[in-house]
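Open the structure in your viewer and keep the sequence panel beside it, so that each selection can be followed in both places.

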Amino acid sequence: MNLKSPEQKNGYIVLPGERLGVIEEFIPDSGTYVKDSVIYSKIVGHALMDLINKRVSVYPIMNGVATPKIGSIILGQVGNAQTDNALVRIFKVGNKKISGIFGGIIHISDVSDRYINSMNEVCKSGDIMRAKVISEKNQIYHLTTQDRNLGVLYGFCSHCSTIMNPDRYEMRCPKCGSIEKRKTSIDYGHELL
């Protein structure tokens, strides 16, 4: 297989993680990220090599898809909640589907203004949450829920996986009666996924 020159790469379809060039030859632009001086595609889209300005970008194939940016409100599913952080698989930015696979992390210090002992008081694996992107370091989106409209939208019982009901400051499972803590959004249970 022959390697394509930058002129031949213009407009071709790329996948997340596909190599586009190196920072010595191009400036990374929207839809890209850099790792070890190599520029990669962040999304599924068309590569654009601007040879005059020495920039490389990737534009989404489909209209209406989005990628997370600092300040974006995202929806995601908690994959793993540990003592001081939780990993989140992002599946929506605002009300738009995403183009690619994105992961986020929420640290215990970015959950609430009040003191939190453990992320187990905030979310559990499988929960659906709304959060805000506060930074992007090492291709991981750092998230916060420090707002009343941010937090868990759907919490699932740790014992039987039933959607839990809010009950004052705790969550109660309607099936097994288990009581758990969550940091819920003000509109818990009302977001359409």
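This is a predicted model: local features need pLDDT of at least 70, side-chain atom pairs count only at pLDDT 80 or more; totals for chains, interfaces and linings use all residues.

Residues are numbered from 1 along each chain as its sequence is written, and side-chain values use heavy atoms, with hydrogens and water left out.

**First stop: a sheet**

Select residues 19–22, which form strand β2, together with residues 38–41, which form strand β5; helices (H or I, at least four residues) and strands (E, at least two) are DSSP runs, numbered from the N terminus. These two strands pair in the antiparallel sense over three bridges, where pairing requires that DSSP finds at least two bridges between the strands. Look for G21, whose bridge partner in β5 is I39, and then for V22, which stands opposite V38 in β5.

With the three strands selected, you are looking at an open sheet in the order β2-β5-β4, with antiparallel pairing. Its edge strands are β2 and β4, each of which pairs on one side only. Neighbouring strands of the sheet are turned against each other by 30° on average, direction ignored, the axes being lines fitted to C-alpha atoms, for helices over the stretch in contact, with angles that run from 0 to 180 degrees between N-to-C directions.

**Second stop: a loop residue**

Next select I70, in the loop between β7 (55–60) and β8 (73–81). Is I70 buried or exposed? I70 counts as exposed because its relative accessibility is 59%, and the cut-offs are under 20% relative accessible area for buried, over 50% for exposed, and partly exposed in between (1.4 Å probe, protein chains only).

Then show I134, which is 64 residues from I70 along the chain, although their C-alpha atoms are separated by 5.3 Å. Leaving aside neighbours within four places in sequence, I70 is in contact with V133, I134, S135 and E136, contact meaning heavy atoms within 4.5 Å.

Finally, select E180 in strand β16 (residues 179–180). E180 is buried, because its relative accessible area is 8%. Beyond its neighbours within four places in sequence, E180 has contacts that include K124, F156 and H159.
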